[in-house]
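The following exercises are to be worked with the sequence and the predicted model at hand. Each task is followed by a solution in steps.

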Amino acid sequence: MSIADTYGRYRQTLAGDPLAIGVALVVLWMVLSLVSGLLTGGVQVSSLASLVWDGLLRGLIIGLAGIGLSMTYSILNFANFAHGDYLTSGAFAGMATSYLIAGISENSIGPLLLVGAGGSVFGGALGIGVTTAPLAVLLGALVAGGFAVVLALAIDRIAYRPIRDESGIALLITSIGVAFALRYLIQFVFGAGVRGTTAAGSVPRVNVPMFDGTVRITAHDIALVVVAVGLMLGVHLLLQRTKLGKAMRAMSDNEDLAQITGIPTEQVIRTTWIVGGGLTGVAGYMFVLWKGTLGFNDGWLLLLLVFAAVILGGIGSIYGAIGGGIVIGLTASVSVIWIPSEFGRAAAFLVMIVILLFKPEGIFSGRTTA
Amino acid sequence: MSDADADAGGWFDALFDRDLPLVLAVLAVIYVAYVLAGVAFGYELRGQLNSIANLTFYVGVFGMLALALNLHWGYTGLFNIGIVGFMGIGIYVTALVSKPPVAEGGAAQVGGFGLPLSVGILAGVLVAGLFGLLVALPALRLRADYLAIVTVAFSEIIRFTMMSRTFQSVEVPAALGLRADTVGLGGGGGLILNYTDPLEALLRAFFLWDPYLAFLDVVQQTLIPNNPKPVVDGLLYGVMLLIGVFAFYVLLTRLGRSPFGRVLKAIREDEDVANALGKDTDRFKLTAFVLGAALMGFGGILWYSSRGSITPPSFRPNITFFIWIALIIGGAGSNTGSFLGGAIFAGLLYEGPRYVKNLVEAAFELGDAPRNFGEAMAGFASLDPMPFVLYTLDSVSQLRLVIMGVVLVWLMHNRPEGLLGHRKEIASSVDLSRPSGDETTDTPAATDGGETR
């Protein structure tokens, strides 16, 4: 008995505490070095503020894309590795629409629909931007969302529904196949090149003064904030005001039980794909509008950060996804104060791994879909 | 549906009772197909041998890595999608240890410690295993899907590290008294592998280098008149890889049949039960993960060590998924299946599409392909599908990945256990099967509830 106790305590100390102590020490060191940097002028307040602003916007995109991933993860119980490519698909569909509307008067349709594959049309020349071509951007965002919805439903029908009852791992592996097919089909159609999509020079911007410098805020930053916050509020209301949220929670707890209680599970799944897919498509479009470039790999590169956000926030929680997205976005951007800039994303992954170790249910724990 | 499945399963089982002939048959089919393709291309002997060496290389590396993955996923049920990270660690450490210092190394910007290649390979395998331990210690407590995300994040962190300017090159202080002057990971430009050619190092170690050169002379006089060395080198390297695959196979099969392997399979089936039976499952999982990671490191070394240079983009997660597809084709849990899957993946999905493209191009006189999808579709306006066909052929390197994705989805729908996976294994250490000569195999008796098979 006493041996087992000693052994247990020994194991506990070895497994839990040194890591926790290490993490605490690292955090302490970061705070101290930041404070001393700010005091001595090694870190400018304005550059810190710029990084925070950048991280916040990045986090909103990650959060917006994360809502869909989180919902399908909790209801269908699998990590959808194709989610990033839904985002890319939405972005391409939306940008094709924007190109078409902004450039139809002077260009032929083909290159416009291919989002200027091979350098045939340039987004800058078409004047894509919220102020220069508001209609094109609005319709682009709508089409991006709509296309992602259709795509998500079609893929669910073809790839996921036939094996709905299989384990989460089988579905995960299937989603890797879907991701491959989708990503390289996009490359097949739109080409491998990364293209500039916006008239970056003509986007209105203000430089907000900040103690020892300025923080630049552009119209696209504002547009991103408005769209992201608006959609998040919309989802919040949707899940609060309708029975959908409750049905989703019931399903993620126990699908069979939900079904015999009279919840139309397939319909709930479809609604989930519609909401999640739509948000993801719009997130992809706003991401591309905001950063001004578009490539076939964009969504895949963002996917791991989205996963990090979803896990951080707790799978199934849309507020968790939003909060987690902002934490991950801030980590990826602000961490460059302490570490070389190449490791910003690595820092975000590390935060995710640390969370998984200490609080695998996420920081906003529990199933709080609504 | 279920009847058809059962029939197919029975047919498959009956066929795959004889694994070795099956593997040989599949290999023979693939090789004959490649030789025939070579004949169609009008290859001389040199071209044929090159094509065979190339095929053997990929069969070897994919077979080897699928076997290593089988230890993780097939035996222990550890969902590792960070394979490419371990491969990268293996080859980068080997390069770091074995590259000559800049002062002796010619054009290379970054040098190494100049130790023999054997030391470098050993170091690469050990460090890959060490990183396996580093990942596994915290991560093995996680659910399978969390482990997947952690491992793929790990492999991306490794790639960021390879690319980073921070570790690009580091001056080694002369005070340490080492041969090295500047070492590092080379950043985005990668590393030039200017150590002794691995084949030469191996042959020299066994005092076979001079006989080999003499053999090359004979080949030059008889079969390939001009410069036969690269071709014969490639073939010999392929043979070495196949020997390596065999070594992996023997190691993993013996491991699987050992008490250790039985515990791993118990963990795969139900970890709680294995735990309740008094097995320290954490420890078993840890050992299996570290061993698998070290084997993956070794696989990475064998893949890239004869390449001349390595760059970070080679270590994208795509490679990991290739190996997963290979394992799923072959069947997780079966070593024979793993190798078979590696061979089929390499021959059909990885290299095959390119050969099909070349075949079509050799068979028909085709013009230039359109530059983009728009020009390809423009042909349909005048009911001319040729531009689209040409563009499709020209994009075969991307479409190959689409095909892989579709094949993966199809497999998960129709045959998730792969060609050879999920066969019942006898848990007893003595042979429980009926003595041969028993006639019941043709008409299965129902007296025992029909559960003999």
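**Exercise 1.** Locate B:Phe207 and B:Asn227 in chain B, and determine whether each is buried or exposed.

*Solution.* Step 1: B:Phe207 belongs to the loop that runs between helix H7 (198-205) and helix H8 (209-222) of chain B. Its phi is positive, about 55 degrees, although the residue is not a glycine. Step 2: within 10 Å of B:Phe207 there are 8 other C-beta atoms. A residue counts as exposed at 12 or fewer, so B:Phe207 is exposed. Step 3: B:Asn227 is located in the loop between H8 and helix H9 (229-257) of chain B. B:Asn227, likewise not a glycine, has a positive phi of about 45 degrees. Step 4: the count for B:Asn227 is 10 other C-beta atoms within 10 Å, and B:Asn227 is therefore exposed.

**Exercise 2.** Characterise helix H8 of chain A and its part in the contact with chain B.

*Solution.* Step 1: H8(A) comprises 23 residues and spans 32 Å from first to last C-alpha, close to the 33 Å expected at 1.5 Å a residue. Step 2: the helix is mostly covered, with 19 of its 23 residues buried. After the helix comes A:Gly191, with a positive phi near 85 degrees. Step 3: between the chains, 42 residues of chain A are in contact with 38 residues of chain B. Helices H5 (109-113), H8 (168-190), H13 (298-313) and H15 (344-358) of chain A each contribute at least two residues to the side of chain A that touches chain B. The largest share of that side, 18 residues, comes from H8(A). Step 4: sorted by class, this side of chain A holds 33 nonpolar, 7 polar and 2 charged residues.

**Exercise 3.** Summarise the fold of chain B, and identify where its pLDDT falls below 50.

*Solution.* Step 1: chain B contains 18 helices and 4 strands. Of its 453 residues, 42% are buried. Among contacts in chain B between residues at least 6 apart in sequence, 73% join residues at least 24 apart. Step 2: the mean pLDDT of chain B is 84, with 88% of its residues at 70 or more. Step 3: residues 1-9 of chain B stay under 50, and the model gives them 0 contacts beyond four places in sequence. Residues 438-453 of chain B also have pLDDT below 50, and this stretch has 5 contacts in the model beyond near neighbours in sequence. Where pLDDT is low, predicted coordinates should not be read in detail. Step 4: for the complex, the predictor gives an ipTM of 0.88 and a pTM of 0.88.

Notes. Residues numbered from 1 in each chain as written. Chains lettered and ligands numbered in written order. Predicted model: local features only at pLDDT ≥ 70, side-chain atom pairs only at ≥ 80, totals over all residues. Contact = placed C-beta atoms within 7 Å. Nonpolar A, V, L, I, M, F, W, Y, C, P; charged D, E, K, R; others polar. Buried ≥ 20, exposed ≤ 12 C-beta atoms within 10 Å, placed from the backbone. Expected span 1.5 Å × (residues − 1). pLDDT = per-residue confidence, 0-100.
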